[in-house]
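Hi,

Here is the structure I said I'd pass on.

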Amino acid sequence: MKKFLAIVLSVLMLVALVACGATTTTETPPVEAETPAPTPAQTPDEDEEDDEPAGGTLTVWCWDPTFNIFAMEEAARIYAEMNPGFELNIVDMAWDDIQIALTTAATAGNLDVLPDIVLMQDNAFQMNVINFPELFLDLTNSGIPFNEFAAAKAGMSMVNGNNFGVPFDNGTTITALRTDVLEEAGYTMEDFENVTWNEFIELGRSVLAQTGMPLLATEAGGGDYIAFMLQSAGVSLFNADGSPNIADNAALIEAINVYLELVESGVVLEVNNWDEYIGSFVNGTVAGTIAGCWILGSVQSADDQAGNWGVMSIPRLDIPGGTNYSNWGGSSWAVTSNANAELAIDFLRHTFAGSTELYEVILPAAGALSTWAPAANSTVYAEPQPFFGGQAVFADIVRFSGNVPAITTGVFFYEARDAVGFAVVDILGGADIEQALQEAQDLLVFQIG
């Protein structure tokens, strides 16, 4: 009954929300029902798209004026040069508001309120397509070259082998370290390349002993670390049938043991919140960070450290299937079933899935890295970056992204991540690891219903 009332209230809120483009954060209603495989509306076949649309207007929902909205504005400018008369209406809407609007539109059966294109967080993409298949177009046969994007990135918006999203920003996980601190300890960046986590910890112990600086910091609980460690080995918190894969998950147990060793050795400093985490490397408390490549914007805010940073791929779990590549964060564009499908697809195909110029503009201005492989060949991506000692870090990151293993996030990704995070806190407090993970799985099963 409570869930029904929440949905009714959401329906009433949607009218005002969409009309004014409000950005008030709203709690997303939980999705609990089992859903059938998506049977979305069909997009135009590639053979039927020989003629580009003339003019026309599209509406887009997305957030962040300096990043996503800026990128969409530049895409509209570029597309209008090849399609005179084209206009783009961008509605600045916070992600939480987008999620509630999608949920409410599907629940009320009112798809007319949807825009042509909507930006969705990658970790929530499969959840939305599985739960609300009527809201999104299947783009598999649209002519968009999905094979030119990093497979793991494109896989985040795939359901049952079909493509529902055009990848946007790059969330490839990177290791960024202070080269001057490493030099003080007698090391170079090369000593940290392509290592296992156990090797990384031993190097970190040595740096700590000689300089007094931990290599890394993270928010307490290690949820982010556990998540990208698992993806680096191609392992999910869910089985192929959608059931939880937490208890008796050998890769998860290894990842947690690595995290425990990182903390207990002092190589990783646990902090209380995001601001303390950013401050840890900006203020020189620690000698580096491991996170999605979007963290480089914060790294470069430390002007006094310019020239003393380097970037590489991450350590790997020493298990079968372990790699030095992972992803954390990012988003993709979806075309809704309410869209001018021909125009929306053509727009995306010639911009985010086809314009090197677009990525060359938004990279230096907004730090928006692509997973679209052709962008890595541009002169802008290949330019040496003085802050990173002349390293062509952007080309390197796009190269890393092509090696990230794909995983299934499923409908309850965030619930699973949080359940594991609670377990890690208990384990750090002395709880038995197997018992804590069984309790985490039981909690997730209860939430799923």
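In this predicted model, Phe70, Ala71, Glu74, Ala75, Arg77 and Ile78 of helix H2 are in contact with Glu357, Leu358, Val361, Ile362, Ala365 and Ala366 of helix H13. Sorted by type, the residues of that contact come out as 9 nonpolar, 3 charged and no polar.

As for the geometry, H2 covers residues 68-82 and H13 covers residues 356-366, and the two pack at about 150° with 10 Å between their axes. Angles over 145 degrees count as roughly antiparallel, so that is the label for H2 and H13. Their crossing is right-handed.

Then there's a sheet. It is open, has 5 strands with mixed pairing, and runs in the order S3-S2-S4-S14-S8. S3 (87-92) and S8 (165-167) are the edge strands; each has a single partner, so one side of each has no neighbour in the sheet. From one strand to the next, the twist averages 25°.

Further in, S2 (residues 57-62) and S4 (residues 117-121) run parallel and are joined by 2 bridges. Trp61 sits opposite Val118 of S4. Helix H3 (residues 95-108) packs on this sheet and touches S2 and S4, with its direction at about 115° to that of S4.

How far does the confidence go? Mean pLDDT for the chain is 87, and 88% of the residues reach 70 or more. Over residues 1-50, though, pLDDT stays under 50, and the model has 85 contacts beyond four places in sequence for that stretch.

Cheers

Key:
Residues numbered from 1 in each chain as written. Predicted model: local features only at pLDDT ≥ 70, side-chain atom pairs only at ≥ 80, totals over all residues. Heavy atoms only, no water. Axes fitted to C-alpha atoms, helices over the stretch in contact; angles between N-to-C directions. Helix = DSSP H or I, 4+ residues; strand = E, 2+ residues; numbered from the N terminus. Parallel < 35°, antiparallel > 145°, perpendicular 65-115°, else oblique. Left-handed = near helix turned anticlockwise from the far one by under 90°. Contact = heavy atoms within 4.5 Å. Nonpolar A, V, L, I, M, F, W, Y, C, P; charged D, E, K, R; others polar. pLDDT = per-residue confidence, 0-100. Pairing = 2+ DSSP bridges.
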